[in-house]
Number of protein chains: 2
Amino acid sequence: MAVSYNALAQSLHTRSSCFIPIRYTKQRSRSNVVFASNDNKNIALQAKVDNLLDSIKWDDKGLAVAIAQNVDTGAVLMQGFVNREALSTTISSRKATFFSRSRSTLWTKGETSNNFINIRDVYIDCDRDSIIYLGTPDGPTCHTGEETCYYTSVFDQLNNDEASGNKLALTTLYSLESIISKRKEESTVPQEGKPSWTRRLLTDDALLCSKIREEADELCRTLEDNEEVSRTPSEMADVLYHAMVLLSKRDVKMEDVFAVLRKRFSQSGIEEKQNRTK
Amino acid sequence: MAVSYNALAQSLHTRSSCFIPIRYTKQRSRSNVVFASNDNKNIALQAKVDNLLDSIKWDDKGLAVAIAQNVDTGAVLMQGFVNREALSTTISSRKATFFSRSRSTLWTKGETSNNFINIRDVYIDCDRDSIIYLGTPDGPTCHTGEETCYYTSVFDQLNNDEASGNKLALTTLYSLESIISKRKEESTVPQEGKPSWTRRLLTDDALLCSKIREEADELCRTLEDNEEVSRTPSEMADVLYHAMVLLSKRDVKMEDVFAVLRKRFSQSGIEEKQNRTK
């Protein structure tokens with residue numbers, strides 16, 4: 001397997017511009033990389049990677065746990081295992097790569113589906129035996145087509161809540177997004193009785209926009225009038241909820257918003273954008 | 001070890017009100033629970049838990065991976081392993097519990113530090129060998145006092161970026177929160193040259209509040225004027241960023257906002273609250 005340290009070198013702000021093909025031996029060993037170049041910077045980089053790999057507490061099978069997490073949404077996408085080669089390959093290729101225990105081979109998520117997980121950073125835990133791949137997925141991660149592999153709720157199962165079907169492990173923000181999305185689907189069906197507040201907002205743009213402006217104003221007043229601190233998270237929650245109803249109307253996901261923020265502040269940030277437009 | 005199915009039964013909306021102490025045998029076995037009551041509902045519930053435990057693909061050591069995730073922030077708090085008893089205990093006690101491979105015992109996160117992870121739900125992955133504990137932590141999860149165990153960035157290490165020190169694995173929203181927080185700390189120190197936009201906002205409440213109102217208005221206009229869809233995530237990003245500067249001024253975290261939202265819609269939701277206040 002030949003991979004390149006070019007992307008890594010670039011991402012680490014070294015000035016290397018040459019590709020350095022490396023070859024993995026089938027036997028795990030410390031010096032698992034053959035250099036095609038004598039570029040000193042890349043040799044130094046490889047030495048650092050080796051040191052880092054040495055510092056991992058591999059288990060008795062030479063493995064550690066690797067958790068792939070969506071950098072924008074925080075969703076845990078999947079979990080696999082890595083050996084030295086898998087982690088080294090992930091670092092150099094910037095594509096989440098694992099070691100298949102059943103097939104005893106490396107595999108890069110997306111090599112068949114094209115749904116790669118593009119690595120933004122890799123984190124090691126305090127015990128140095130567990131790793132997070134923080135990345136942006138090109139598409140659904142699960143082989144079933146689900147966004148993540150975690151869609152079976154134990155408490156739903158114990159509650160015999162079969163009707164709810166698959167339910168992704170959602171954090172608070174995305175649970176709210178999911179609730180709003182359901183209300184949106186339901187809002188096309190005529191309903192008797194008093195409509196829910198979300199339904200009213202979804203079907204009345206003037207009401208929705210007046211509420212967003214009102215809640216933003218109330219958030220500001222918590223600062224301007226130096227209101228009790230607990231008012232601020234409460235008003236911010238109102239801003240978020242009402243704004244998310246608007247996003248739903250426009251078929252925009254919070255994930256899209258975070259992607260904008262990530263791109264903005266990775267281009268040296270909000271500052272740059274704001275100064276440009278002032 | 002005696003644990004109770006009472007909390008679980010209540011949470012699953014059964015009407016059981018009696019505690020059912022259960023005793024774990026040291027040998028793993030299917031029938032690892034001794035009932036102190038013949039309550040039919042709880043027997044049925046225990047049978048469901050047994051079925052669920054049977055469905056897990058335990059490895060050759062009887063273990064599966066368990067990942068604890070903060071339900072509000074999405075942060076991966078820690079990762080451990082579970083056996084049948086650990087998972088069963090977590091389900092019944094609603095406190096994240098693991099199996100210590102080094103000590104060969106169950107341990108509940110927080111049993112010495114009091115920083116329990118209170119379980120909101122448990123998810124199983126498509127392969128049924130990996131588990132997410134979705135919960136709210138009572139305090140920092142890592143024994144070092146860090147919020148999570150993942151504070152070592154591989155790319156920082158390779159870049160010799162020692163100056164940055166520990167850096168939690170943060171998703172986009174919390175990276176932004178961290179940037180704003182740093183600007184806030186810096187804003188107390190006199191600075192030469194043109195201040196960053198964030199610094200200007202942090203030191204000028206009138207400017208900050210006028211921007212929040214303006215951005216909320218611009219978000220609304222994307223709907224009212226049916227602007228190109230890509231305008232919506234961009235304007236929402238502006239709303240979020242400016243509102244988060246205000247939160248920073250008030251020492252409020254996005255986590256606090258999500259806690260409000262979670263409590264609000266777990267009390268049957270936004271709807272209830274909104275209808276009450278209209």
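Which residues does A:Thr136 touch, not counting residues up to four places away in sequence? The legends below, which describe a predicted model, begin with this residue.

Figure 1. Leaving aside residues up to four places away in sequence, A:Thr136 touches A:Val71, A:Asp72, A:Phe116, A:Ile117, A:Asn118, A:Arg120 and A:Arg262. With one of these residues, A:Arg120, there is also a polar contact, in which the side chains of A:Thr136 and A:Arg120 take part at 3.2 Å. A:Thr136 has a relative accessibility of 9% and therefore counts as buried, since buried means under 20%.

**Figure 2. Helix α5 of chain B.** This helix covers residues 172–186, which makes 15 residues. Which residues of α5(B) are buried? They are B:Thr172, B:Leu173, B:Tyr174, B:Leu176, B:Glu177 and B:Ile180.

**Figure 3. The fold of chain A, with its helices and strands.** Chain A contains 10 helices and nine strands. The chain has 278 residues, and 54% of them count as buried. Among the contacts in chain A between residues at least 6 apart in sequence, 46% join residues at least 24 apart. The accessible surface of chain A amounts to about 12300 Å², and carbon and sulfur atoms account for 48% of this area.

**Figure 4. Confidence of the prediction along chain A.** The mean pLDDT of chain A is 85, and 80% of the residues of this chain reach 70 or more. Over residues 13–36 of chain A, however, pLDDT stays under 50. For that stretch the model has 63 contacts beyond four places in sequence. Residues 268–273 of chain A also have a pLDDT below 50, and this stretch has 13 contacts in the model beyond near neighbours in sequence.

**Figure 5. The relation between chain A and chain B.** Two copies of a chain are related by a rotation about an axis and a shift along it. Here, a rotation of 180° with 0.0 Å of shift along the axis superposes chain A on chain B, with an RMSD of 0.0 Å. The two copies are thus related as by a two-fold rotation axis. In chain A, the C-alpha nearest the axis belongs to A:Gly74 and lies 2.5 Å from the axis. Of the interface residues of chain A, 100% are also interface residues in chain B, so the copies meet through the same surface.

Technical notes:
Residues are numbered from 1 along each chain as its sequence is written. Chains are lettered from A and ligands numbered from 1 in the order in which they are written. Side-chain values use heavy atoms; hydrogens and water are left out. Helices (H or I, at least four residues) and strands (E, at least two) are DSSP runs, numbered from the N terminus. The expected span of a helix is 1.5 Å times one less than its number of residues. Buried means under 20% relative accessible area, exposed over 50%, partly exposed in between (1.4 Å probe, protein chains only). A polar contact is a pair of N or O atoms within 3.5 Å; within protein, one must be able to donate a hydrogen and the other to accept it, and residues adjacent in sequence count only if both atoms are side-chain atoms. Contact means heavy atoms within 4.5 Å. Accessible areas come from the Shrake-Rupley method with a 1.4 Å probe; for residues, only the protein chains shown count as cover. pLDDT is the predictor's confidence in each residue, from 0 to 100. Copies are superposed by least squares on the C-alpha atoms of residues with pLDDT of at least 70 in both.
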